[in-house]
Amino acid sequence: MGKIRAKSLKMSMAVTFLTTVCVTGALSGITVFLANQTQHEILENRSAIIRNPRFTVDETTGGYVINISDNENIWKWQELSTGQNMIYYGSYAAMIGLPVFYIVGGIGIATMVYYRRKLRVPIGQLQNGIKRIQEDNLDFCIKYNGSDELGQLCSSMEKMRKELWQNNKALWESLEQRKLLNASVAHDLRTPVTVLKGYLDYLEKSISQDKLTDDELLDTVLSMQGAATRLEQYAECVRNIEKIENIEIKIQPENVKFLIKEIKSNIWQLAGGKEVLFSCDIAFDEVRIDKGVLFRILENLLQNALRYAEKQINISITRNDKFLILTVKDDGKGFPEEDLRKAATMFYSRDRENEHFGIGLGICRILCEKHGGMLSVTNNREKGACVTAKLRIL
C-alpha cells in the first residue's frame, strides 16, 4: 500500500481507498484475462471426431477433401479430459471468486496498514494519557508529532496535561507555602509568648516585694505592649497571607533610643542562664525600618544562638549609609562546612530529633530579602557561629 503521507485523515483515507480499488481492480482484471485465455487454449486444443466421412479428391492438389458442413451429425468435438474440465470450470470459479477475495483481502490489508500507520500510535498515546490522568499521574508526555486530526488532538491533550501539571504544581506550592507560613508563625509565636511570660513573672515578683518603681513599671508595660503587638501581627499573618513571600514590609520611622531599649529588654527576657553581650553603634536619633521584621529576625537569631552557645552570645547593631546591620555570634561549635551553604535554606536542619525543623534561619533570609537586604552565615575565626542580617534603610 505504501506509506501514507496525507496530512488529513479524510485525505489519507481517500488515498487508501482509491489505492485499494485500483490494486484490486487490476488484480481482478488480470485474473479474468488469464482465466479466459486458459479456457480458450483448452478449447482450441480439442480434436474433432468424424463418423462416415464423405470426401472427394482435389484435382489441383490431389488431396482428399472432407465435406462435413452439409451434415453436422457426422462429426463432434472430442470430450475434455477430467483435468481439462477441472481447469476449464476452475477458470470460471477464479473469474468470480478471486476478485471477491481481492476485494475482501484488499479491504483487510488497507485497514491494517491504515490503522498501523495513522491510528495505532496516536490512539495508544491518548489511551495512555487518559489512564495516567485518571490515576492523578501527570508525569508523562504525549509524543506524537503528526499534523492530522489525531496529531492535533494529541497536541491539545499534551497542552492540557501541561496546564494540569502547572495548576497542580501551583496548588502544591500554595499548600507548601501555607504550611511554611503556619510553621514559621508557630515557630515565631513562642518568642513573644516567652517574653510576655518573663515580664509577667517579673511583675509578679516585683509587685509582691514592692520593689517596682513607676519608671520600671512603665518600661515593662511598654515592652509587654511591643510583644503583644508582635503577637497580633503574627496572628494577622495567618489570617491574611497565603505565602510568606507576600509579607508586606511596612517602613516607619523608629526612635533609636526606644528601639534599643526594647531590644535590650527582649534580650534580657530571653537570655536565660547564658551571658548576652549587646552593643549598638548608631549615631542617629531615628531610623526608617520595619520594626516587626527587625524583632522577628533578632528573636530567631537569638533563639538559635541560645540553643548552641556554651556560655556567651554577642549581639551588635550598626548602621552604614544603606543598611542596618544586625550581627549575632555565639561560642558554640559553629556550622559544619557542608552546612554553611544550606543553613539558611527553609526546613534544612540536622537537629530534627529535638523538634528543630530548620525554619528560623530560612524565615530570617526571606525577611531580609523582603526588606532589601540579605542574610549571611559564617563561622567565627576562633569558635562558634556568626549570622549577619542586613536590612535596607529607606
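The protein exposes about 25000 Å², and carbon and sulfur atoms supply 55% of that area, with accessible areas taken from the Shrake-Rupley method using a 1.4 Å probe and, for residues, only the protein chains shown counting as cover. What we are looking at is a predicted model, in which local features need pLDDT of at least 70 and side-chain atom pairs count only at pLDDT 80 or more, whereas totals for chains, interfaces and linings use all residues. Residues are numbered from 1 along each chain as its sequence is written, and side-chain values use heavy atoms, with hydrogens and water left out.

Let me start with the overall picture. Of the 394 residues of the protein, 36% count as buried, where buried means under 20% relative accessible area, exposed means over 50%, and partly exposed covers what lies in between, with a 1.4 Å probe and protein chains only. The secondary structure comes to seven helices and 11 strands; these are DSSP runs, H or I of at least four residues for helices and E of at least two for strands, numbered from the N terminus. If we take contacts between residues at least 6 apart in sequence, 69% of them join residues at least 24 apart, a contact being heavy atoms within 4.5 Å.

I would now like to turn to the sheet. Five strands form an open sheet in the order β6-β8-β9-β11-β10, with mixed pairing, and two strands are said to pair if DSSP finds at least two bridges between them. The edges are taken by β6 (275-281) and β10 (374-379), each of which has a single partner strand, so one side of each is left without a neighbour in the sheet. Neighbouring strands here are turned by 15° against each other on average, direction ignored; the axes behind such angles are lines fitted to C-alpha atoms, for helices over the stretch in contact, and angles run from 0 to 180 degrees between N-to-C directions.

Which strand of the sheet is largely enclosed by the rest of the structure? That is β9, residues 323-330, because seven of its eight residues are buried. On one hand, seven bridges join β9 to β8 (residues 312-319) in an antiparallel arrangement, and these two strands form a hairpin with three residues between them. Within that pairing, Ile317 has Leu326 as its bridge partner in β9, while Ile315 stands opposite Val328. On the other hand, β9 is also joined by seven bridges to β11 (residues 385-392), again antiparallel, and there Lys329 stands opposite Cys386.

Helices lie across this sheet as well. Helix α5 (residues 256-270) lies across β6 and β8 and runs at about 170° to β6, whereas helix α6 (residues 291-308) lies across β8, β9 and β11, at about 15° to β9. Helix α7 (residues 360-370) is mostly covered, with eight of its 11 residues buried, including Ile363, Cys364, Ile366 and Leu367. Just after α7, Gly372 takes a positive phi of about 80°.

A positive phi also turns up in a residue other than glycine, namely Asp136, where the value is near 60°. Asp136 is found in the loop between α2 (82-134) and α3 (149-208), and at 71% relative accessibility it counts as exposed.

Finally, the charged pairs. With a salt bridge taken as a side-chain nitrogen of Lys or Arg within 4 Å of a carboxyl oxygen of Asp or Glu, the count comes to five. One of them joins Lys118 and Asp148 at 3.1 Å, N to O; Lys118 sits in helix α2 and Asp148 in the loop between α2 and α3, 30 residues apart, and both residues are buried.

Another salt bridge pairs Lys291 with Glu262, the closest N and O atoms being 2.6 Å apart, and this pair links helix α6, which holds Lys291, to helix α5, which holds Glu262, across 29 residues. Is Glu262 buried or exposed? At 8% relative accessibility Glu262 counts as buried, while Lys291 is partly exposed at 26%.

I will end with Glu310 and Lys383, whose closest N and O atoms are 2.8 Å apart in a salt bridge. Glu310 lies in the loop between α6 and β8 and Lys383 in the loop between β10 and β11, so the pair ties together parts that are 73 residues apart in sequence. Both count as partly exposed, Glu310 at 47% relative accessibility and Lys383 at 41%.
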